[in-house]
Amino acid sequence: MPVFETEQQVEVSTVLTSMGFNVEPEQVKEIDQAELKVIQSVDFVDPKLAEDLIDVLDGEITIEEIDNLIQSDNFDELPDEAINVVVDALNETSDDVKEEFEDNVNIFSSDNYDDYVPAGSVVDTATRRTVVAVTAATAAATGAAAGPKPSGGSGGGGGGSDGPRRRSKGGR
């Protein structure tokens, strides 16, 4: 019989077992009540997807676990709450796992990824989106304020030493 440390772990285990999942105490220790509700909602979409989600939420995430989750046919059908708990879990994992996730999921495609901090970054995607937008707006405003550029080169004589010689040979 599995040994659980808290009453909450017993409850989570009971619910997951009643859903048909065989879970170990180590898995249950990392899953809280909010995540359990998400797993239950995903189970209605796809039991295999829910199982992959449990693997991601039950502690340290491996590249294989994140691959299994994102390669699921129903990954795009995950409810917003499920994406949010995946983002929270990914923010606590290694850059290798994050890079695998980023190679397969457009983290800028949805506001659900706003709190996600990409591999090698210290800012989340919402902040990065804002910085890019401000930079683009500033560059556009700076370009517009400078006015039109002259169309005749750099203004430095337009031909080096050949310029003055031609004029002097031109009949003066």
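How many helices and strands are there in the chain? The chain holds nine helices and zero strands, where helices (H or I, at least four residues) and strands (E, at least two) are DSSP runs numbered from the N terminus. Read from the N terminus on, the order of elements is α-α-α-α-α-α-α-α-α. The model is predicted, so that local features need pLDDT of at least 70 and side-chain atom pairs count only at pLDDT 80 or more, while totals for chains, interfaces and linings use all residues. Residues are numbered from 1 along each chain as its sequence is written, and side-chain values use heavy atoms, with hydrogens and water left out.

Of the 172 residues of the chain, 34% count as buried; buried means under 20% relative accessible area, exposed means over 50%, and partly exposed lies in between (1.4 Å probe, protein chains only). Accessible areas come from the Shrake-Rupley method with a 1.4 Å probe, and for residues only the protein chains shown count as cover. In soluble globular proteins, nonpolar side chains tend to be buried together. The largest nonpolar core comprises 36 residues, a nonpolar core being a set of buried Ala, Val, Leu, Ile, Met, Phe, Trp, Tyr and Cys residues joined through side-chain atoms within 4.5 Å. The residues with the most contacts inside this largest core are Leu16, Ile39, Leu53, Phe75, Phe101 and Tyr113. At least two residues of this core are supplied by each of helix H1 (7-18), helix H3 (33-45), helix H4 (47-57), helix H5 (63-70), helix H6 (80-90) and H7. H6 gives the largest share, seven residues.

Charged pairs were then examined. Side chains of opposite charge can pair when their charged atoms come close. A search of the whole structure finds four salt bridges, a salt bridge being a side-chain nitrogen of Lys or Arg within 4 Å of a carboxyl oxygen of Asp or Glu. In one of them, Lys29 pairs with Glu5, and their closest N and O atoms are 3.1 Å apart. Because Lys29 lies in helix H2 (residues 25-29) and Glu5 in the segment before H1, this pair ties together parts that are 24 residues apart in sequence. Lys29 is partly exposed, at a relative accessible area of 39%, and Glu5 is exposed, at 61%.

A salt bridge also joins Lys48 and Asp52, with the closest N and O atoms 2.7 Å apart. Both residues of this pair, Lys48 and Asp52, lie in helix H4, four residues apart, about one turn of the helix. Lys48 counts as partly exposed, at 46% relative accessibility, whereas Asp52 counts as buried, at 3%.

Arg129 and Asp111 form a salt bridge through their side chains (3.9 Å, N to O). Since Arg129 lies in helix H8 (residues 125-145) and Asp111 in the loop between H7 and H8, the pair ties together parts that are 18 residues apart in sequence. Arg129 is partly exposed at 28% relative accessibility, and Asp111 is exposed, with a relative accessible area of 60%. A network of salt bridges links Asp111, Asp114 and Arg129.

Surface charge is described by patches. Asp95, Asp96, Glu99 and Asp103 form a negative surface patch. Patches are made of residues with over 30% relative accessible area and no salt bridge, like charges being joined within 9 Å and nonpolar side chains (Val, Leu, Ile, Met, Phe, Trp, Tyr) within 5 Å. Lys and Arg count as positive and Asp and Glu as negative, with His and the chain ends not counted; the place of a charge is taken as NZ of Lys, CZ of Arg, CG of Asp or CD of Glu.

Glu30 belongs to the loop between H2 and H3 and is partly exposed, with a relative accessible area of 46%. The C-alpha atoms of Glu30 and Gly59 are separated by 5.6 Å, the two residues being 29 residues apart along the chain. Asp46, in the loop between H3 and H4, counts as buried at 14% relative accessibility. Between the C-alpha atoms of Asp46 and Phe75, 29 residues apart along the chain, the separation is 9.3 Å. Thr125 lies in helix H8 and counts as buried at 0% relative accessibility. Its C-alpha atom is separated by 9.9 Å from that of Asn112, 13 residues away along the chain.
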